Amino acid sequence: MRIRLIAVGTKMPAWIEQGYTEYAKRLPRDCTVELVELPLGPRGKSGSPAVAIEREGQAMQAAVGKGDKVIALEVEGRPWSTEKLAQNMDAWRMSGANYSLLIGGPDGLSPACRALAESEWSLSPLTLPHPLVRLVVIEQLYRAYSILHNHPYHK
């Protein structure tokens, strides 16, 4: 199973990159996570957030793997416990499909990206910094994997 984490935003702080790399390397080959970073859409005095969201959405849709199932990370999505994520990952593995997880930019995901998703996952009702979201997601994927394989990390 391959999970593609498609995230808007580049130039992450070193501690985010180090943390992400640490958890990603802990995952075995049968559960690889590929990070795809996309640049922010243009924002500024003359730029409209709606235009930026649309451009980011187009880039995200283009980055989704052919045939991938899509999960959108959304504040308004359904919260999953770690155990539920482990159940979902087990079902993903058994389905034989690959998955793309979408993390939007500062203004969220485009309506087209949300429509493409088969489900929306909320990490928290809090607004989290986007760099931190990638770190939380990769850590939770590793934790869920450890549950499925009776690894003591989850304890």
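User: So the expected span of a helix is 1.5 Å times one less than its number of residues. How many residues has H1, and what does it reach from first C-alpha to last?
Analyst: H1 has 13 residues and reaches 19 Å between those two atoms, close to the 18 Å expected. Helices (H or I, at least four residues) and strands (E, at least two) are DSSP runs, numbered from the N terminus. This is a predicted model, where local features need pLDDT of at least 70, side-chain atom pairs count only at pLDDT 80 or more, and totals for chains, interfaces and linings use all residues. Residues are numbered from 1 along each chain as its sequence is written, and side-chain values use heavy atoms, with hydrogens and water left out.

User: Which residues of H1 are buried?
Analyst: Ile16, Gly19, Tyr20 and Tyr23. Buried means under 20% relative accessible area, exposed over 50%, and partly exposed in between (1.4 Å probe, protein chains only). Down the helix axis these buried residues fall within an arc of 100 degrees, so they line one face of H1. The arc is taken over the directions from the helix axis to the C-beta atoms.

User: What do they pack against?
Analyst: E1, strand E2 (32-38) and H5. Contact here means heavy atoms within 4.5 Å. The face of H1 turned away from the buried side carries exposed Gln18 and Lys25.

User: Switching to the largest nonpolar core. Which members touch the most others?
Analyst: Trp92 and Leu101, out of 30 residues. Such a core is a set of buried Ala, Val, Leu, Ile, Met, Phe, Trp, Tyr and Cys residues joined through side-chain atoms within 4.5 Å. At least two residues each come from E1 (2-8), H1 (14-26), E3 (69-79), H3 (82-95), E4 (99-103) and H5 (130-148).

User: Which element gives the most?
Analyst: H5, with eight residues. H5 has 19 residues and reaches 27 Å, close to the 27 Å expected. Asn150, with a positive phi near 50 degrees, follows H5.

User: What is Leu101 in contact with, leaving aside neighbours within four places in sequence?
Analyst: Ile3, Arg4, Leu5, Ile6, Ile71, Leu73, Trp92, Trp121, Val137 and Leu141.

User: And Ser122, buried or exposed?
Analyst: Ser122 is buried, with a relative accessible area of 4%. It lies in strand E5 (residues 119-122). Beyond neighbours within four places in sequence, the contacts of Ser122 are Glu74, Val75, Gly77, Arg78, Pro79 and Trp80.
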